[in-house]
Amino acid sequence: MTVSSRTNPAADRPGGSAPAGPLLELRGLRKSFGSLHVLAGVDLAFETGKTTVVLGPSGSGKSVMLKHIVGLLRPDGGEIYFDGARIDCLKETDWTDVRLQIGLLFQGGALFDSLTVEENIEFPLREHTRLSREERHERVARALEVVDLKGMFRKLPAQLSGGQRKRVALARAIVLEPRVVLYDEPTTGLDPIRSDGINELIIKLKKSLGVTNIVVTHDLVSARKVADRCVLLLNGKIAADGTYDDLARHPDPQVSHFFMGQYDHEDEKD
Ligand SMILES: Nc1ncnc2c1ncn2[C@@H]1O[C@H](COP(=O)(O)OP(=O)(O)OP(=O)(O)O)[C@@H](O)[C@H]1O
Ligand SMILES: [Mg+2]
């Protein structure tokens, strides 16, 4: 089954004048690992051309949710739609078409240590396209420019700072010019200045390329800066949904507890 055309309409809409409506939708998504119920019916529609921030404490299932969106995990129940087509029940061979349109910035970056920056970023192009060597080089150069690392082809990951490694991982996530980019804790481990640089990139991708951003984080500074909308994942469900300020002023004590960031012994219980 073909899910959608391989062209990138988002790239044709500078200024982010994307049509309203969800590009991606989770309906009643459920996932357990043995007796651990991680997702217990997540309903969430991600609007085209907007940045949605998914907040939630450690272990609440944020990464698990992202892995479902790119087919690395299969749900126990519920449905996932991309561009109007159901994708959760696709055969493995049919996932390629979806994965070409959704870039994932893994938690921790996950660069190949023995490959240069160029080889790392080139990897998805080798896997998924028939571009020539020159064309691949051109695409890598463009991706490096987007993440403000122009010309940095030959370095190895070990020679880069944490912030630069994140940028390279982001360049790899966008090199196929995806319509959706998923960011798993993009600012974790970075100082406030480097974090802000990543926030600026997230905003730039939305504004200049019309990318639909889904940012998973517990960095509230980052959330406040990049989010058009914030949702909070708690106890396997969406506990709050609105602007950053809506959530920060939310009347539910569980929601405000998360925002206040005050440690509670209950927080250690799984
Ligand atoms: N493949 C797996 N097998 C078994 N348990 C898993 C698996 N993946 C995740 N889990 C469990 O599911 C729960 C949610 O994990 P997840 O990685 O989604 O949390 P998270 O919200 O991303 O946390 P963090 O903010 O620390 O990254 C955790 O208890 C984790 O141990
Ligand atoms: Mg995680």
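Trainee: In E10, which residue is the bridge partner of leucine 233?

Mentor: Start with the general idea. Strands of a sheet pair through backbone hydrogen bonds, either parallel or antiparallel. Here, leucine 233 has isoleucine 238 of E10 as its bridge partner. This is a predicted model: local features need pLDDT of at least 70, side-chain atom pairs count only at pLDDT 80 or more, and totals for chains, interfaces and linings use all residues. Residues are numbered from 1 along each chain as its sequence is written, while chains are lettered from A and ligands numbered from 1 in the order in which they are written.

Trainee: How many bridges pair strand E9 with strand E10?

Mentor: Two strands pair if DSSP finds at least two bridges between them. Strands (E, at least two residues) and helices (H or I, at least four) are DSSP runs, numbered from the N terminus. E9 (residues 229-234) and E10 (residues 237-242) pair over five bridges, antiparallel. They form a hairpin with two residues between them. In the turn, asparagine 235 has a positive phi of about 50°.

Trainee: What is the order of the open sheet of four strands?

Mentor: The order is E2-E1-E4-E5, with antiparallel pairing. E2 and strand E5 (85-86) are at the edges with a single partner strand each, so one side of each has no neighbour in the sheet. E1 (residues 22-33) and E2 run antiparallel, joined by nine bridges. Leucine 26 has leucine 44 of E2 as its bridge partner.

Trainee: Which residues come nearest to ligand 1?

Mentor: A residue is near a molecule if its C-beta atom, placed from the backbone, lies within 6 Å of it. Of the 13 residues around ligand 1, Phe33, Ser58, Lys62, Ser63 and Val64 come nearest. Strand E2 (36-47) and helix H1 (62-69) each give two or more residues to this shell.
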